[in-house]
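Please open the model in your viewer and keep a selection panel at hand. The stops below proceed one element at a time, with a short account of what each selection contains.

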Amino acid sequence: MQCYFCGLKATQQLFFIAARQITRETQVCADHAVTLLQREQPRPQGEPFTEGRLVQFEIEQLHRMLISTKPSDSDCIILQESGGTRRMQVTLGRCEASTLERLLQPQRTPRPLTPEAFARTLHSLGGKLVHIAITQLLQGTYFAVLRINQNGRRFEIDLRPSDALAVAVSCQAPIFVLVSLIPADVGGDPTAASR
Ligand SMILES: [Zn+2]
């Protein structure tokens, strides 16, 4: 496969996402993946939405490696501050990235994927996913929680960010990030952290 821009060997597949659906996908070389990430400047719409010390984000891009050229290469998701300009990058395992890609495709899979089964189970038990939040960064690894409301009772469940994002997509729940974990940079070089 060739890079869409320069014809060199493509090493990454980029998915652009709007309203939780993949709208465009393209194969690019490593250099163009970086260029594109910097060129696709966010367009602030309205004001950033905050809830206490949490800031709302939306899924903007999914990067999947076609060929790894260095050990640090991995699939990742780019989150974009809702109504703001900040971005952050969350590294994903191959399986988690594959699941997210399928969840973000406009066409549904005939049988439920695990996060969709979780969403249905939660709904059947009278629970509602209030939001997911990335709340901790420990030794380069993000930690996330699900905040669930069931008849006025509140539950908080610890989860990996990749799983939490998949559940947020399946439940159509908002995504929040603790303000102290948001990289200050705009566009350029979002902090990478592992799943
Ligand atoms: Zn290229």
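Begin by selecting helix α4, whose buried residues are P161, S162, D163, A164, L165, A166, V167, A168, V169, S170 and C171; a residue is called buried if 20 or more other C-beta atoms lie within 10 Å of its own, exposed if 12 or fewer, and partly exposed in between, with C-beta atoms placed from the backbone. Helices (H or I, at least four residues) and strands (E, at least two) are DSSP runs, numbered from the N terminus. This is a predicted model, in which local features need pLDDT of at least 70 and side-chain atom pairs count only at pLDDT 80 or more, while totals for chains, interfaces and linings use all residues. Residues are numbered from 1 along each chain as its sequence is written.

With α4 still selected, note that the helix is mostly covered, since 11 of its 11 residues are buried. Directly after α4 comes Q172, which has a positive phi, near 50°.

Next, pick A164, which lies in helix α4 and is buried, with 27 other C-beta atoms within 10 Å. Setting aside residues up to four places away in sequence, A164 touches I132, A144, L146 and L159, where contact requires that the C-beta atoms of two residues, placed from the backbone, lie within 7 Å. If you draw a distance from A164 to L146, 18 residues apart along the chain, the C-alpha atoms are separated by 6.8 Å.

Move on to V167, which, leaving aside its neighbours within four places in sequence, is in contact with P115, F118, A119, L129, I132 and L146. V167 also belongs with I77, L165 and V177 to the residues that have the most contacts inside the largest nonpolar core, a set of 43 residues; such a core consists of buried Ala, Val, Leu, Ile, Met, Phe, Trp, Tyr and Cys residues joined through C-beta atoms within 7 Å. The element that gives the most to this core is α4, with 7 residues.

Now select helix α3, in which P115, E116 and A119 are buried. Seen down the axis of α3, these buried residues fall within an arc of 105°, so they line one face of the helix; the arc is that of the directions from the helix axis to the C-beta atoms. On the other side of α3 you will find T114, A117, T121 and S124 exposed, whereas the cover over its buried residues includes α2 and α4. Just past the end of α3, G126 takes a positive phi of about 75°.

Helix α2, residues 94–104, is the next selection, and here E96, A97, T99, L100 and L103 are buried. Viewed down the axis of α2, its buried residues fall within an arc of 160°, so they line one face of the helix. Exposed on the other side of α2 are R94 and C95, while the buried residues pack against β4 (54–65), β5 (76–81), α3 (114–124) and α4 (161–171).

From there, turn to strands β5 and β6, which run antiparallel and are joined by 5 bridges; strands pair if DSSP finds at least two bridges between them. They form a hairpin with 5 residues between them, and G83 in the turn has a positive phi of about 75°. L79 stands opposite M88 in β6. In β6 (residues 87–91), 4 of the 5 residues are buried, so this strand is largely enclosed by the rest of the structure.

Finally, show the whole protein, whose secondary structure comes to 4 helices and 11 strands, and in which 34% of the 195 residues count as buried.
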